[in-house]
Structure formats: C-alpha cells, structure tokens
Amino acid sequence: GQRRGAPPRHKARMQRNLEIEREEAKLIKEQEEEAQAETELGQGFVAEVEARLRELGDLDADAHPELAALLQAQKEEARSLARQIQEGERDVQVKSAALAVVEGRVDE
C-alpha cells in the first residue's frame, strides 16, 4: 500500500525550513526598520530608494525561504547602490565647488 503523510525526515526538514523562514522574516523586518530610521533622517536618494523598497512590500509568510533570501539580498544590493550613488553625487558636488574656488568663479 501507499504511505500517507510525509516521511519523518521530510517533516523535520519542512519544520526547519519554516523556522529558518521565520528567522529570516524577523531579520528582514529589523533591517527594514533600521533602514526606515535612516530614511527619516532625510537621506535624499537613499530615502527615495528605501521608500520604493517599502512600497514593494514583503513576500507572504509561506513563500519559499530561498526566494525570501534572494529578495532580501536584492533589496540590500539596491540599498548599497543607492548609498554609493548618493556618496558619489556628494563627492562630485564637493569637487565642483573646490574647482570653482580654485578657478576664481566663486568668492571665498
């Protein structure tokens, strides 16, 4: 005859995956709260990116853990790129101002 239900090892693996998923969801929420706090400080471009990421929302609790991890990694990469872009823009502004002073276009 056919066995009913999942084998014990499969059930244990499913339970562990569920625990991992819950831990990841908790970490994601904490990271998003930290990012939101940074946003509230007025981070310009970074704030815009963070707002868009919040608009995207989260996966359902029953989403595959690997998919949740991938989404989180992509969000972190977007945040990192946004910070790099903002820092680059700030650097360009500083160097442009310095060049203007050196060239005598701006009163010291």
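1. Surface patch. Leu59, Leu67 and Leu70 form a nonpolar patch on the surface, with about 250 Å² of accessible area together. A patch takes residues with over 30% relative accessible area and no salt bridge; nonpolar side chains (Val, Leu, Ile, Met, Phe, Trp, Tyr) are joined within 5 Å, like charges within 9 Å. Areas come from the Shrake-Rupley method with a 1.4 Å probe, and for residues only the protein chains shown count as cover. Leu67 is found in helix H3. At 45% relative accessibility, Leu67 counts as partly exposed. The classes are buried (under 20% relative accessible area), exposed (over 50%) and partly exposed in between, again with a 1.4 Å probe and protein chains only.

2. Basis. This is a predicted model, in which local features need pLDDT of at least 70 and side-chain atom pairs count only at pLDDT 80 or more, while totals for chains, interfaces and linings use all residues. Residues are numbered from 1 along each chain as its sequence is written, and side-chain values use heavy atoms, with hydrogens and water left out.

3. Overall build. The protein chain has three helices and zero strands. From the N terminus on, the order is α-α-α. Helices (H or I, at least four residues) and strands (E, at least two) are DSSP runs, numbered from the N terminus. Of the 108 residues, 18% count as buried. The accessible surface of the chain comes to about 8,700 Å², and 52% of this belongs to carbon and sulfur atoms. Among contacts with a separation of 6 or more, 63% join residues 24 or more positions apart. Contact means heavy atoms within 4.5 Å.

4. Helix H2. H2 has twelve residues. From its first C-alpha to its last it reaches 17 Å, close to the 16 Å expected at 1.5 Å a residue. The expected span is 1.5 Å times one less than the number of residues. The buried residues of H2 are Val46, Ala47, Val49, Glu50 and Leu53. Seen down the axis of H2, they fall within an arc of 160°, so they line one face of the helix. The arc is that of the directions from the helix axis to the C-beta atoms. Arg52 and Glu55 are exposed, on the face turned away from the buried side. Just after H2, Gly57 takes a positive phi of about 80°.

5. Val46. What does Val46 touch, leaving out residues up to four places away in sequence? The partners are Ala82, Arg83 and Gln86. Val46 sits in helix H2. At 10% relative accessibility, Val46 counts as buried.

6. Helix H3. H3 covers residues 65–102, 38 residues in total. At 1.5 Å a residue it should span 56 Å; its end C-alpha atoms are 55 Å apart, which agrees. The buried residues of H3 are Pro65, Ala68, Gln72, Lys75, Arg79, Ala82, Gln86 and Ala100. Just after H3, Gly104 takes a positive phi of about 80°.

7. The structure holds six salt bridges. The criterion is a side-chain nitrogen of Lys or Arg within 4 Å of a carboxyl oxygen of Asp or Glu. Side chains of opposite charge can pair when their charged atoms come close. One of the bridges joins Glu76 and Arg79 at 2.8 Å, N to O. Glu76 and Arg79 are three residues apart in helix H3, separated by about one helical turn. Glu76 is partly exposed, with a relative accessible area of 28%. Arg79, at 5% relative accessibility, counts as buried. Salt bridges that share partners also join Arg16, Glu19 and Glu23 into one network. Within it, Arg16 and Glu19 meet at 3.3 Å, N to O. Arg16 and Glu19 both lie in helix H1 (residues 8–40), three residues apart, about one turn of the helix. Arg16 is partly exposed at 41%, and Glu19 is partly exposed at 32%.

8. A bridge from loop to helix. Asp58 and Lys75 meet in a salt bridge (3.6 Å, N to O). The pair links distant parts of the chain: Asp58 in the loop between helix H2 (45–56) and H3, Lys75 in helix H3, 17 residues apart. Lys75 counts as buried, at 3% relative accessibility.
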